[in-house]
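Reader: I would like to go through this structure with you, one region at a time. Could you show it first?

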Amino acid sequence: MSDLLRSAVAARIAKLPLDVNVDEQDEDSEEGDSLGALLRSGLGPPAVPARSSRAKPRRPPNPDFAPISAETFFSSALQVAVPSRELDCRVYYTSPKFADGTVMVCHHGAGYSGLSFACLAKEITDVSKGECGVLALDARRHGASSRCPRVLHKKDEDLSIGELVEDFFHLVRAVFPDPAVAPTLLLVGHSMGGSVVVRACPLLLAQKYRVSGVAVLDVVEGSAIEALPHMHSLLNARPDGFDSPEDAIEWHVNTKTIRNPQSARVSVPAIVAPAPEPGPHAYIWRTTLRSTAPYWSSWFMGLSDAFLAARAARLLLLAGTDRLDRPLMIAQMQGKFQMVVASGVGHMLHEDDPTHVAEILLEFWRRNDASRLRLPVKIKGVGET
């Protein structure tokens, strides 16, 4: 992001009204989307001007934004106990059809859930004809994951990068306990999840898991750190809740937070929850991003070095080139990783255009999966029989 653009956006943030009705101000939709661009830093749903805080009757659910079940996108939804982490993790899984297949293990960004990969998962399995499976998880304090029943009385607040990496590592071991017979893994992380998977990669390799590659979706350390001072101002502009899941889906689509209505209808219901007590909103955010503020720096500090140090093929998939920091720019020019810039998408690029993102990930997988490589036929020398 240029200095001029950053200054302009910062000035607009300082003047951002807290009492703007998106439904009544269609002309602000483009401005809201540009503000959302600053949030392509890994910190959850982009902020746009919030709805009016004035009391008003609740809107009836709009059937055009009715939730869609995930059952047609994954083969199964499982609760996986991870005793060493005192977690009961929700996992969405479609296994590869072949014994030597590959599984893309996907970690979502802050505030989202494993269902943000639903449409992408279906594209991956369909296009690869089942040769590549997909496993998407809900991180702690996200989606349907929870503490194990025997420790429900304990607080579960820690979302530091170390805790998230350990959760991911031990979940993979719980699902695939024997590295010798486990499928080849391709680690995919969006935003905050990208930071998790690159740090988990060496832990898995040390346990002899086969990791063919690491794909990071739309997060760069430099830009993420630069965005942190603006986060609370931007979060102030988000609605505190919604009248219904349909209302939440409609907000995400209308503000272009998610540009694909079908994906929003699958993924958004998992990131809101019924309000625990009567109030102005029937549904609230399942993960309050402001409560994660103590961990923001830990998520992104050292991300570039961790990404470049991963002993596997590396892919950085971005929604724009203005967020490439200096270390990555130098490494990219040296050919140390593959970079692809997707067009016509926002921060939720894997939801906005799952077909194109699936094509990019599958091409990356085919190029780097050693189990698919075939040595050339040896040509006999003169005199050899």
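Predicted model: local features only at pLDDT ≥ 70, side-chain atom pairs only at ≥ 80, totals over all residues.

Reader: Where does UniProt place the feature "active site"?

Author: The UniProt record, an unreviewed entry, puts that feature at Ser191, Asp218 and His347. These residues are spread over 157 residues of sequence, yet they cluster in space, with a largest C-alpha distance of 8.6 Å.

Reader: What about Asp218: in which loop is it found?

Author: The loop between strand S7 (211-217) and helix H6 (221-227) holds Asp218. Asp218 is buried as well, since its relative accessibility is 0%.

Reader: Which backbone nitrogen lies 2.9 Å from a polar atom of the Asp218 side chain?

Author: That backbone nitrogen belongs to Ala319.

Reader: What does Leu187 touch, leaving aside residues up to four places away in sequence?

Author: With those left aside, Leu187 touches Val105, Phe168, Val197, Cys201, Leu204, Val211, Gly213, Val214 and Ala215.

Reader: Next, Val357. Which helix is it in?

Author: Val357 lies in helix H14, which covers residues 354-368. Val357 is buried, because its relative accessible area is 1%.

Reader: How far apart are Val357 and Leu120 in sequence and in space?

Author: They are 237 residues apart in sequence, while their C-alpha atoms are 7.4 Å apart in space. Not counting residues up to four places away in sequence, Val357 touches Leu120, Leu317, Leu349 and His350.

Reader: Now helix H8. How many of its 10 residues are buried?

Author: Nine of the 10 residues in H8 (residues 245-254) are buried, and the helix is mostly covered. The buried residues are Pro245, Glu246, Asp247, Ala248, Ile249, Glu250, Trp251, His252 and Val253.

Reader: Which elements do the buried residues of H8 pack against?

Author: They pack against strand S8 (241-242), helix H9 (261-267), strand S9 (272-274) and strand S10 (283-285). After H8 comes Lys256, which has a positive phi, near 65 degrees.

Reader: You mention S8, S9 and S10. What is their order in the sheet?

Author: The order is S8-S10-S9, in an open sheet of three strands with antiparallel pairing. S8 and S9 are the edge strands, each pairing on one side only. Three bridges join S9 to S10, and Ala273 stands opposite Ile284 in S10.

Reader: Do S11 and S12 run parallel or antiparallel?

Author: Strand S11 (residues 313-318) and S12 run parallel and are joined by four bridges. The bridge partner of Leu318 in S12 is Val341.

Reader: Which residues form the covered face of S12?

Author: In strand S12 (residues 338-341), Gln338 and Val340 form the covered face, whereas Met339 and Val341 form the uncovered one.

Reader: On to the cysteines. How many disulfides does the structure hold?

Author: The structure holds zero disulfides.

Reader: Lastly, what does Thr125 touch beyond residues up to four places away in sequence?

Author: Thr125 touches Thr94, Gly130, Cys132, Gly133 and Val134 when those residues are not counted. Thr125 is placed in helix H3 (residues 118-127), and at 14% relative accessibility Thr125 counts as buried, the limit being under 20%.

How values were computed
Residues numbered from 1 in each chain as written. Heavy atoms only, no water. UniProt positions renumbered as here; feature names shortened; annotations may be inferred. Helix = DSSP H or I, 4+ residues; strand = E, 2+ residues; numbered from the N terminus. Buried < 20%, exposed > 50% of the residue type's maximum accessible area, 1.4 Å probe, protein only. Polar contact = N/O pair within 3.5 Å; in protein donor to acceptor, adjacent residues only side chain to side chain. Contact = heavy atoms within 4.5 Å. Pairing = 2+ DSSP bridges. Disulfide = S-S within 2.5 Å.
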